[in-house]
Amino acid sequence: MVSAQPIISIKDVTKEFGENVRAVDNVSFDILEGEFFALLGPSGCGKTTLLRMLAGFEIPTEGQIIIDGLPMEGVNPNRRPVNMVFQSYAVFPHMNVERNVGYGLRVTGVPEAEIKTRAQEALALVKLQDFGKRMPSQLSGGQRQRVALARALVKRPKVLLLDEPLSALDAKLREAMQLELVRLQKTVGITFVIVTHDQDEALSMANRIAVMEKGKVKQIAAPADLYEFPNCRFVADFIGKMNLFQGKVAGVAGNQIQIDLKGITRVTVPYSGAAAGDIAVAVRPEKVQLGRSEPAANRIRLRGRVSEVAYFGNESHIYLENATGVPVSVNLTNAARTTTPNVAIGDELWMSWDPADTLVLTE
Ligand code: ATP
């Protein structure tokens, strides 16, 4: 259950490395108790540095981190109510699974009998209760990852920090482990904070996602809100596929905005708020319809020639260009038991979409 209480508060946090690298740039937000929270962004955006600051492996240059009500300044990693699972799922190769899982308790002097019980509990959580006597070399990649998870969970942290935990696994196993992690998080009920550059991973697992670019948080929202209502070009482009058109505001009236799209045409779309000058318009490929006959006048319409057709089983991605070379991609759901969509390279087609499906992006 996600509560309304923050378990982590990040306040005006900046991290600089040397004079020139600002890895995290004045970031503030809360992570709620019981949340599955994802830090998502391209390589180098600062997500790992932020996670490492939560763990205590990096110290903020400026700002404050509060975890479970306590300021973390001067608090060593092993004294924080968090535990981290690393990308490489570091397990000790010379210890069997049970000893690996119990290690963190053993070094803090927990009695052997309690270690055994808690290690068994943690192994049951990751469905490895029968693997305690195996050595890591006798496990698959996915099983080793579960050992790493059990090892972090055995200490009963308030927050589990996961740094790209699935990136070493192949695609099928990764998807299975995504579901496993969601199940696990629900079972243990603690907060998970995961770092990933894989948007599908973040969208499918997290309650909320912070999208980062160049050290800054661009947007924090639930997966569906990020996908449907991105607040800027970067998020629109980074999450899923998007057709982005550059334009200039021609006028704002009532709840509508008129925009001259470069190389296309003037469009009128729903919009409330002020806007002027350069602006972008976006539409998802699955919202664009293709047709041979002229679409209804109340839709946004343009003509284009098919330049590429890519078949993906359940859907096909069609790439078109209009007469001035503006590219548009369209996703078509393939009907059952047909092998190709009824579209060929070189076809001249109408593209159209509902003005209400248009996103207006001022940033
Ligand atoms: P990736 O997905 O590639 O791991 P990331 O989003 O996690 O990327 P960070 O690892 O947080 O990004 O790095 C953010 C920036 O800070 C990068 O420009 C990186 O080169 C720089 N950086 C990270 N750690 C250090 C360090 N110890 N010393 C100097 N620069 C660093």
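How many nonpolar, polar and charged residues does the shell around the ligand have? In this predicted model, where local features need pLDDT of at least 70 and side-chain atom pairs count only at pLDDT 80 or more, totals for chains, interfaces and linings use all residues. Residues are numbered from 1 along each chain as its sequence is written.

The shell has four nonpolar, seven polar and one charged residues, where Ala, Val, Leu, Ile, Met, Phe, Trp, Tyr, Cys and Pro count as nonpolar, Asp, Glu, Lys and Arg as charged, and the others, Gly among them, as polar. Among the residues around the ligand are Phe-17, Val-21, Lys-47 and His-197, a residue being near the ligand if its C-beta atom, placed from the backbone, lies within 6 Å of it. Strand E2 (21-32) and helix H1 (47-55) each supply at least two residues of this shell, and the largest share, three residues, comes from H1; helices (H or I, at least four residues) and strands (E, at least two) are DSSP runs, numbered from the N terminus.

E2 also belongs to an open sheet of four strands, in the order E2-E1-E4-E5 and with antiparallel pairing, two strands being paired if DSSP finds at least two bridges between them. Because E2 and strand E5 (70-71) stand at the edges with a single partner strand each, one side of each is left without a neighbour in the sheet.

Strand E1 (residues 6-17) pairs with E2 over eight bridges, and Val-13 stands opposite Val-27 in E2. Five bridges join E1 to strand E4 (residues 62-67), with Gln-64 in E4 as the bridge partner of Lys-11. E4 and E5 pair over two bridges, and in their hairpin, which has two residues between the strands, Asp-68 takes a positive phi near 50°.
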